[in-house]
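This report looks at salt bridges and the places of their partners. The structure comes first, then the pairs one by one.

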Amino acid sequence: MSFIPVLLCGGVGSRLWPLSREARPKQYLNLVGNQSMLQETLERLMGLDAAATVVVCNENHRFLVAQQLRDMGHEKTRIVLEPEGKNTAPAITLAALSALAEEEDPTLLILPADHYVGDCEALKASIREATTHADQGRFVTFGIQPRHPETGYGYIEVGEAISGATAILERFVEKPDAQTAAQYVDSGKFFWNSGMFVFRTSTLLEAFALHAPQVLNHCAEAVKNASEDGPFLRLDETEFAKAPEDSIDYAVMEKAEN
C-alpha cells in the first residue's frame, strides 16, 4: 500500500548551537555525511511505495528547503509554510489536510527530518508492517530499543503482541528521572518514543475532531484560505495564529484508544 511521507522540519536551531542556528537548524546541516539530515530522511525512503512527499517547515526556511529538495530532484514536493512554530499537532494536521488534495484518504508516514537511522532496511520493514495496521484504522508509532537509561527521551510502554514486531501500545510516559528510566529499561517493556507515526488521514482527523477540535478547526480554515505559490502552500496567517500550540502526543496519541 502506498503512503505519503510527511517530513517535519520545525525547530529553532537551539540544540546544536553554534553549529545549528535559527536561520539553519540541524535538519538542514550535513552532520553525518554528504547530505543534510532532511535529504537523508528522503533518501532512506528509496525502494518504498511512497507517493509525493509533503514537507512542513517554517516560512523563514522555505528557500533553503526548496533548494535541498531541488538538489535531489524533488521539485514537485509540496511545502507547507508555517508562519510560526506551534509544535507537532498543528504541523501534522496541516500536512494531513493538504494531503487530501492528492488522495481521498491517504495513509501518512510522519517523520521528523532530524533523525539518524543506522539500519535503513529495518526501518523500511517496519514501515511496510505499519501500513497494514494503519489501513485497519489504527495509529502506529515506532519505538526505539533503549540502549541505556535515558532521562532526555519520552518512553512508550508496550503490551500484548499483535503480529510480527507489532504490539498494543499501553501508554506514553514523559521523560523520567534516572531511577525510573533504569526501571523502564530493565523491564523490557519500554521503548524510546521516536516521534514517527503511520495512520490513515481519516483516522487522524477523526481523533482531532474528538480530542483537539480547536487545532483541527483553525488549521482547516488556514488551509482552506491558503494560497499556492509554486511549491509553497501559504496559510491564512490569522486563522493559523488561533490554533493552540500542542504536541501530537498530548493532543491525540495519549487519548486515542486505537
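## Glu59 and Arg234

Glu59 and Arg234 join their side chains in a salt bridge, at 2.6 Å from N to O. A salt bridge here is a side-chain nitrogen of Lys or Arg within 4 Å of a carboxyl oxygen of Asp or Glu. The pair links distant parts of the chain, 175 residues apart. Glu59 sits in the loop between β2 (54-58) and α2 (62-71). Arg234 belongs to strand β10 (residues 232-234). Helices (H or I, at least four residues) and strands (E, at least two) are DSSP runs, numbered from the N terminus.

Arg234 is partly exposed, at 24% relative accessibility. The classes are buried (under 20% relative accessible area), exposed (over 50%) and partly exposed (in between), with a 1.4 Å probe and protein chains only.

## Basis of the model

The model is predicted: local features need pLDDT of at least 70, side-chain atom pairs count only at pLDDT 80 or more, and totals for chains, interfaces and linings use all residues. Residues are numbered from 1 along each chain as its sequence is written, and side-chain values use heavy atoms, with hydrogens and water left out.

## Arg78 and Glu102

Arg78 pairs with Glu102 in a salt bridge, with 3.3 Å between the closest N and O atoms. Arg78 is in strand β3 (residues 78-82), and Glu102 is in the loop between α3 (88-99) and β4 (107-112), so the bridge ties together parts 24 residues apart in sequence.

Arg78 is buried, at a relative accessible area of 17%. Glu102 is partly exposed, at 47%.

## Asp105 and Arg200

Another salt bridge brings together the side chains of Asp105 and Arg200, at 3.2 Å from N to O. Asp105 lies in the loop between α3 and β4, and Arg200 in strand β8, so this pair ties together parts 95 residues apart in sequence.

Asp105 has a relative accessible area of 22% and is partly exposed. Arg200, at 18% relative accessibility, is buried.

## Network and count

Which residues do shared partners join into one network? They are Glu59, Asp229 and Arg234, connected by salt bridges. How many salt bridges does the rule give? The count comes to nine.

## Gly188

Gly188 is placed in the loop between α5 (178-187) and β8 (190-200). Its relative accessible area is 48%, so Gly188 is partly exposed. Gly188 and Lys86 are 102 residues apart in sequence. In space, their C-alpha atoms are 34 Å apart.
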